[in-house]
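Subject: The structure you are taking over

Hi,

Here is the structure I promised to hand over to you. Please open it alongside this email, and then read on for what turned up in it.

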Amino acid sequence: MAPNISKLGTPKTVLAVSSAAVTLWLIRQLTKSTKSRKLDRNEIQYLIGEKTKSSKSKAQVDAEFFGHLKKLLKIIIPGWFSAETSFCILVAASLVARSFCDIWMIQNATQVETAIVSMNKNRFKSTLLVFFAGMPLISVVNNTLKWSLGELKLRMRTRMTHHLYEQYLKGFTYYKMNNLDTRIANADQLLTQDVDKFCDSVTELYSNILKPLLDIFIYVYRLTSVLGGQTPATMMVYLVVSGTFLTYLRRPMGRMTAEEQKLEGEFRYINSRLITNSEEIAFYNGNNREKLTMLVSFKRLVDHLRNCLEFRTVVGVVDNIVAKYFATVVGMIAFSIPFMNTEHAQLSKIGQEERFRYYYTYGRMMVKLAEAIGRLVLAGREMTRLAGFTARVTELMNVLKDVNEGHYQRTMVTDSADKEAPVQPLIPGSGRMIFQDNIIRFDKVPLVTPNGDILVKELSFEVKSGMNVLVCGPNGCGKSSLFRILGELWPLFGGTLTKPPRGKLFYIPQRPYMTLGSLRDQVIYPHTRDEMQRRGKTDADLTRHLERVQLSYLLTRENGWDAVADWIDVLSGGEKQRIAMARLFYHAPQFAILDECTSAVSVDVEGSMYDYCREAGITLFTVSHRRSLWKHHEYYLQMDGRGAFDFKKIEADTEEFGS
């Protein structure tokens, strides 16, 4: 036995064993170093969106996937005579031209090599010149294919983006989906990156399937005409068997792709949350806590990406074996059949040199056929990724459709200890809304938050134009809920609400929104300059509104109405609130809701703005703790935070409260 063992101790064997040992040691060290940086997930926990069990999307290649894909394709390719269809045809034509270019290159390369082997200089020069002359045309074909694929993707993304934003920015859908429905937490991720990756995956799959199919059709035809049908038939059988096996093996990849996009969205959301709340976090010195949360989110993403990488590596090994190496072996066996057959009608009648040329030419075609079959089998991998993106985009479309129809899915408040809880379940949208000018009437309307928390069981009062109302009460009593229901942001859970149409009711919050654009845009928001001119308004009208709020100096300081700046940073808190009041004067609605919107404005300027509202016929609902505002109102609505309310006229002996 000793001599036999000693034979194994060759330098090559020792080198192989040493290399394997070093590789295993490196893998172990890398694994240990990764574990040493491991964070404890249980120490930092959070929940972002997707709070309902039904939110987990099914992402795999099955009949449901093809149904969803068909609906999405109708959006990005709207008809047979659309530009997208034309580009699909152009891509197909470019792929056909590329396949014929491949055949031409095979045949001419064979001619050049034959001339070299036969030492025929004249033939070598002529065939090489023809081969060289064809290169520019082949380059044009290849780059036309790249351009048409890129343009097709851009057009598909444009169609899908326009369709989704048409639904997302329809009415208050964007608000309701982010505040009333809990199925989707990161709409920005879905509307941007997921849509882009979906369109990219569709175009890639179209190219990766169509090109191999064209190649298979062309090469099968050419091979069958010379070698017979047995060789291509063997390869096609292998295509069906291997494709079915690999499709089944890759099924988890679609779900993993969808989960990857979800975790990417969470990590992006936590980063944007830090930017949005940076001041509050800085006051609390919360940087270390936020860093831990961010690192845990990143670790979840990295762990999932690592699992995906390991899964793709294992599947990739099987892919390479089945789609490349086995396909090559099967191709060699299939290609040898007509050459080994002494009774073959065409090959048995030619000489060995001619048979070698046949083998060389059609052998290359056979290799191309095997490559095409391999690419078609591997296209299943792209299809599983597409299944993940399709599930994500379909989920977004379903949620948008539900929200536009008034259907929400949200965790509702339940308290079994509350004996006064209503017997009937709370149903969003069960109330009735009537649109009528110059009146606001609540008739037994419950103030209910979207998650089912009842603030006031039945609210009833009536306000007509000219009756300014001061709304007061402690925090959490329902003031903001009242205005959200009045502004149609929250659904009615019962009763009847009579109010003017949406455009005749205006809301000004404590921190007014400053849009991106010019100084003019800040006053006329949400109108555009063209819409302002259609309504007969001019810059002179806007200037008078600025004078009423004592901001006319802005025109000089900022160089006129067309000045563009980051107005959130340029304007002070008081200037923003006065710009919002100028915005109110420009729109001149029937009713206006002022939610602590003059807290940073001096009392004298505040008084002049309220006086102008009365002159302009704007009826006010004001939330404020300033006593100075009582004289500008005729009624007050007080809620105590325990479900009770008072709606009374302000008399001379009414006790004023506030600062």
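Predicted model: local features only at pLDDT ≥ 70, side-chain atom pairs only at ≥ 80, totals over all residues.

First, the overall picture. The protein has 659 residues, and buried residues make up 42% of them. Its secondary structure consists of 21 helices and twelve strands. Among contacts with a separation of 6 or more, 79% are between residues 24 or more positions apart.

Phe483 belongs to helix α14 (residues 479–486) and Phe621 to strand β10 (residues 619–623), so the pair ties together parts that are 138 residues apart in sequence. Both Phe483 and Phe621 are buried. Another pair is Tyr635 with Phe647: the centres of their rings are 5.5 Å apart and the planes are at 5°, so these two are stacked. Tyr635 is in strand β11 (residues 635–639) and Phe647 in strand β12 (residues 645–649), twelve residues apart. These two pairs come together in one aromatic cluster, formed by Phe442, Phe461, Phe483, Phe621, Tyr635 and Phe647.

One more ring is worth a look. The charged end of Lys537 sits over the ring of Tyr586, at 4.7 Å from the ring centre.

Next, the nonpolar cores. The largest has 38 residues, and those touching the most other members are Met160, Leu164, Met177, Phe198, Leu386 and Leu396. Helices that each supply at least two residues of this core are α3 (63–76), α4 (83–117), α6 (135–168), α8 (187–227) and α13 (352–404). A second, separate core holds 36 residues, including Met581, Phe585, Val605 and Tyr610.

In the model, residues 128–149 are 95% helix and 0% strand, with 32 Å between the end C-alpha atoms.

What about the cysteines? The structure holds zero disulfides. Take Cys613 as an example: the closest cysteine sulfur, in Cys597, is 8.5 Å from the sulfur of Cys613, which is too far for a bond, because a disulfide needs the two sulfur atoms within 2.5 Å. Cys613 counts as buried, at 0% relative accessibility. Cys199 is also buried, with a relative accessible area of 0%.

Finally, a charged residue to look up. Glu260 is located in helix α10 (residues 251–276). Glu260 counts as buried, because its relative accessibility is 15%. Apart from neighbours within four places in sequence, Glu260 is in contact with Leu301, His304, Leu305 and Arg312.

That is the tour. Enjoy exploring!

Best wishes

Technical notes. Residues numbered from 1 in each chain as written. Heavy atoms only, no water. Buried < 20%, exposed > 50% of the residue type's maximum accessible area, 1.4 Å probe, protein only. Helix = DSSP H or I, 4+ residues; strand = E, 2+ residues; numbered from the N terminus. Phe/Tyr/Trp six-rings, centres within 6.5 Å; stacked < 30°, edge-to-face > 60°. Lys NZ or Arg CZ within 6 Å of the ring centre and 35° of its normal. Core = buried A, V, L, I, M, F, W, Y, C linked by side-chain atoms within 4.5 Å. Contact = heavy atoms within 4.5 Å.
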